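Welcome! Here is a short tour of a protein chain, written for someone meeting it for the first time. Please have a look at the sequence and the model before reading on.

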Amino acid sequence: MAVAFCLTTHLSFSQQGYISTDSTLNTVEVIGGSAYENAQFIKVATKSGIVTYSPLELSEYRLNDGRVFHSFPTTVSGEEVHLFFERIFHGRYMVYSLAIKHEATRYFITPADTVILHQLPDGKQLASFLKQYVQDCPAALENTPFVKLSKNSLVRFFGDYDLCWDRYFPRFRYGVKGGLALTTLTAQKAGNLFSTADFHTAAGLSFGLEVHVPMGRTNMSFVTEPTFYHYKSSTLLSDSRTYDLVTNQYRVNVPALFRYNAFNVKNVPFIELGPTYSRYLGGENLLFSYNTTDNDIFIGIEESSAIAKDQLGFTLNVGLMVKYDSKQTMTFQMGINNLYSVGKQSELLGVTQICFSAGLLF
């Protein structure tokens, strides 16, 4: 849809509202409402009371918080009406949003040097629609398939396009990863059988999944990485007798991480931090006891619950995302997991892991 409109002069008044017609602009106290109300009318506080203006009476207004609205004709339920459109981005293209009751928010763009509004389509048509406007920026062309019909996504996209900035574009992503986990058991409490043990580090393979959910148009995202790993070790323990704790476990770690992408560049260093839940999947923990009587050695074998089936802790990762092509990104990561047995099992063993992994995001 395209409609003609008249550009108005835009003046900047810090944290101050204004109303404008085609020929005048007055600074006033503008009273905002809901998104739907702001599109229908605007209220202005005057000495004599509250005055309400319609889109037919004003060409533009700005709220005290800095949001700017322009009056344009549009079609609602088959009828042409004038409404206030919120300008959400001001650059080489103007981007507008329009809130209509009982409908999804509509979005529009117009080149800064023209007087025509174009409504943005939803779904798969959006990418092809945007491509015709950003042909002069290869980085923007690559990102068009990932743009969503939302304020955050559109503002980030057109902001990057203004600078032709080839940087990571926030979007939902998933992938696979694999690597090496160096696992060390740790005594959680002094004075018990485990506190004097010399636990050795055991190396084992790990593999898992990654899911990334962006947080708006910021450099932050929520990440979860369910990771399966296996480790086995043998540790000598002693008090009045000698013991051998043999561990052979399969577990899954499920972290809930907040990621910060450190720089606005194509290859992105990042840091992740958050809580982790670990669950025992299978294997065994056997405790061998050795008791010497005269020249005889008696060996006892029992199942040990030295490591709790459920553990809680935290994860800290640092890494680098390397852009492979427009749709795929390689990740290289190093991190540490500290896991603890909690509650009634707090006297049992904890786990410390140093992990190295590589992955592929889609």
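This is a predicted model: local features need pLDDT of at least 70, side-chain atom pairs count only at pLDDT 80 or more; totals for chains, interfaces and linings use all residues.

Residues are numbered from 1 along each chain as its sequence is written, and side-chain values use heavy atoms, with hydrogens and water left out.

- I19 counts as buried because its relative accessibility is 8%; buried means under 20% relative accessible area, exposed means over 50%, and partly exposed is in between, using a 1.4 Å probe and protein chains only.
- Beyond residues up to four places away in sequence, I19 touches T24, L25, N26, V28, V30, V44, Y53, L58, E60 and Y61, where a contact means heavy atoms within 4.5 Å.
- I19 and E29 are 10 residues apart along the chain, and their C-alpha atoms are separated by 9.2 Å.
- S20 also belongs to strand β2, which covers residues 17–20.
- With a relative accessible area of 4%, S20 is buried.
- Leaving aside neighbours within four places in sequence, S20 is in contact with L25, L58, S59 and E60.
- The side chain of S20 reaches the backbone oxygen of T24 at 3.1 Å. This is a polar contact, meaning a pair of N or O atoms within 3.5 Å; within protein, one atom must be able to donate a hydrogen and the other to accept it, and residues adjacent in sequence count only if both atoms are side-chain atoms.

**The chain as a whole**

- The protein chain has four helices and 22 strands.
- Of its 362 residues, 44% are buried.
- Among contacts between residues at least 6 apart in sequence, 58% join residues at least 24 apart.
- The protein chain exposes about 18,400 Å², with carbon and sulfur atoms supplying 57% of that area; accessible areas come from the Shrake-Rupley method with a 1.4 Å probe, and for residues only the protein chains shown count as cover.

- How far apart are the end C-alpha atoms of helix α4? They are 19 Å apart, which agrees with the 18 Å that its 13 residues (151–163) should span at 1.5 Å a residue; the expected span is 1.5 Å times one less than the number of residues.
- The buried residues of α4 are S153, L154, V155, R156, F157, F158, D160 and Y161.
- The elements covering these buried residues include β8 (79–90), β9 (93–98), β10 (106–111), α2 (125–131) and α3 (138–143).

**The disulfide**

- A search of the whole structure finds one disulfide, that is, a pair of cysteine sulfur atoms within 2.5 Å.
- This disulfide joins C137 to C164, with an S to S distance of 2.3 Å.
- The pair links distant parts of the chain, 27 residues apart: C137 is in the loop between α2 and α3, and C164 is in the loop between α4 and β12.
- The link of C137 and C164 is right-handed, with 105 degrees about the S-S bond.
- C137 is buried at a relative accessible area of 1%, whereas C164 is partly exposed at 34%.

**Positive phi values**

- Most residues other than glycine have a negative phi.
- C164 is not a glycine, yet has a positive phi of about 45 degrees.
- H102, also a residue other than glycine, has a positive phi near 65 degrees.
- H102 sits in the loop between β9 and β10 and is exposed, with a relative accessible area of 77%.

**H212 in strand β13**

- H212 is found in strand β13, residues 202–214, and is buried, with a relative accessible area of 2%.
- Not counting residues up to four places away in sequence, H212 touches R171, F172, R173, F222, V223, R259 and L361.
- H212 and R259 are 47 residues apart in sequence and 9.0 Å apart in space, C-alpha to C-alpha.
- The side chains of H212 and E210 are joined by a polar contact of 3.1 Å.

**Confidence**

- The mean pLDDT of the protein chain is 86, and 86% of its residues reach 70 or more; pLDDT is the predictor's confidence in each residue, from 0 to 100.
- Over residues 1–14 pLDDT stays under 50, and the model has 45 contacts beyond four places in sequence for them.

Technical notes
Helices (H or I, at least four residues) and strands (E, at least two) are DSSP runs, numbered from the N terminus.
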